[in-house]
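Visitor: I have not looked at this one before. Can you walk me through it?
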Amino acid sequence: MICYDPLWKTMQAQRATTYTLRVKYNISHATVQRLQKNEPVSTHTLDKLCKVLDCRLQDVAEYIPDGE
């Protein structure tokens, strides 16, 4: 499973909010909701998050093997 917990930590460190993602960086509300629920998002979205937050992929998402 892909988990987006690192995203929320990165955003907190940069004082960014979901409002920032939606309004300033034009990421849809539906995409933000999928991130909050650890649901699948496109690699385009992951790329955009890394660009706008100036971070690496591991600062946005992590892989957790099923059953853990």
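Predicted model: local features only at pLDDT ≥ 70, side-chain atom pairs only at ≥ 80, totals over all residues.

Visitor: Fine. Which residues of α1 are buried?
Guide: Helix α1 spans residues 5-13, and P6, L7, T10 and M11 are buried in it. Those four lie on the same side of α1, because they cover an arc of only 135° around the axis.

Visitor: And what does the face turned away from the buried side carry?
Guide: That face of α1 has the exposed residues K9, Q12 and A13.

Visitor: What covers the buried residues, then?
Guide: The cover includes two strands, β1 (2-3) and β2 (62-63). It also includes the helices α2 (18-24), α3 (29-36) and α4 (43-53).

Visitor: What happens just after α1?
Guide: R15 is there, and it takes a positive phi of about 55°.

Visitor: New topic. How many salt bridges does a search of the whole structure find?
Guide: It finds two. In one of them, the side chains of K51 and D47 meet, at 3.1 Å from N to O.

Visitor: Where do K51 and D47 sit in α4?
Guide: They are four residues apart in that helix, so about one helical turn separates them. K51 is exposed at 60% relative accessible area, while D47 is partly exposed at 38%.

Visitor: Which residue does D59 form a salt bridge with?
Guide: With R56, and their closest N and O atoms are 3.6 Å apart. R56 is exposed, with a relative accessible area of 52%, and D59 counts as partly exposed at 22%.

Definitions and conventions. Residues numbered from 1 in each chain as written. Heavy atoms only, no water. Buried < 20%, exposed > 50% of the residue type's maximum accessible area, 1.4 Å probe, protein only. Arc of directions from axis to C-beta. Contact = heavy atoms within 4.5 Å. Salt bridge = Lys/Arg side-chain N within 4 Å of Asp/Glu carboxyl O.
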